[in-house]
Amino acid sequence: NNKLSEESNNVQNDERLFDSQNNGAGGYQIGDACQPVCQKEDQSYDNNKEGAMKGTLTYYHGSELYIEWVAQHGCGVDQPNIICQMILQYMCEKDNPGLR
């Protein structure tokens, strides 16, 4: 999704790693662990609140992760002008101890 810990919902640099073709608000942020939410009184994002950008997504052995997406500009096998690649990038914490 090409986002990097952004304070607003809109991506700040849509070509940070690659030309993602995301819309301004496309993709997902790092999760938060604030209780109840990471907001200031004016409802803007509060990155100084305890738990901001400290959320984690946890999957357990034997669980299933469903992945779905939309190819915004098309993607086809028999269409020479819309050849594309879908890259799924992931990492297991067990294989990278001490990373956090």
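Is Cys34 buried or exposed? I looked up its relative accessible area, found 6%, and noted Cys34 as buried, because buried means under 20% relative accessible area. I keep in mind throughout that this is a predicted model.

**Entry on the cysteines**

I next looked for the partner of Cys34 and found that a disulfide joins Cys34 to Cys38, with 1.7 Å from S to S. For Cys38 I wrote down a relative accessible area of 7%, so that Cys38 is buried. About the S-S bond I read 95 degrees, and the link of Cys34 and Cys38 is right-handed. When I asked how many disulfides the structure holds, the count came to one.

**Entry on the backbone**

Which two residues does a cis peptide bond join? I found Gln35 and Pro36, with omega at about 0 degrees.

I then turned to phi and noted Gln43, where the angle is near 70 degrees, a positive value in a residue other than glycine. Gln43 counts as exposed, at 61% relative accessibility, because the cut-off for exposed is over 50%. Met53 is also a residue other than glycine with a positive phi, and here I read a value near 60 degrees. At 26% relative accessibility, Met53 counts as partly exposed, because this value lies between the limits of under 20% for buried and over 50% for exposed.

**Entry on the surface**

Which residues make a nonpolar surface patch of about 760 Å²? I listed Leu57, Tyr59, Leu65, Ile67, Trp69, Met86 and Leu88. For the accessible surface of the protein I noted about 9100 Å², of which 48% belongs to carbon and sulfur atoms.

**Entry on the whole chain**

How many helices and strands are there in the protein? I found zero helices and zero strands. Last, I looked at contacts in the protein with a separation of 6 or more, and residues 24 or more positions apart account for 19% of them.

How values were computed. Residues are numbered from 1 along each chain as its sequence is written. This is a predicted model: local features need pLDDT of at least 70, side-chain atom pairs count only at pLDDT 80 or more; totals for chains, interfaces and linings use all residues. Side-chain values use heavy atoms; hydrogens and water are left out. A disulfide is a pair of cysteine sulfur atoms within 2.5 Å. Buried means under 20% relative accessible area, exposed over 50%, partly exposed in between (1.4 Å probe, protein chains only). Patches are made of residues with over 30% relative accessible area and no salt bridge: like charges are joined within 9 Å, nonpolar side chains (Val, Leu, Ile, Met, Phe, Trp, Tyr) within 5 Å. Accessible areas come from the Shrake-Rupley method with a 1.4 Å probe; for residues, only the protein chains shown count as cover. A salt bridge is a side-chain nitrogen of Lys or Arg within 4 Å of a carboxyl oxygen of Asp or Glu. Helices (H or I, at least four residues) and strands (E, at least two) are DSSP runs, numbered from the N terminus. Contact means heavy atoms within 4.5 Å.
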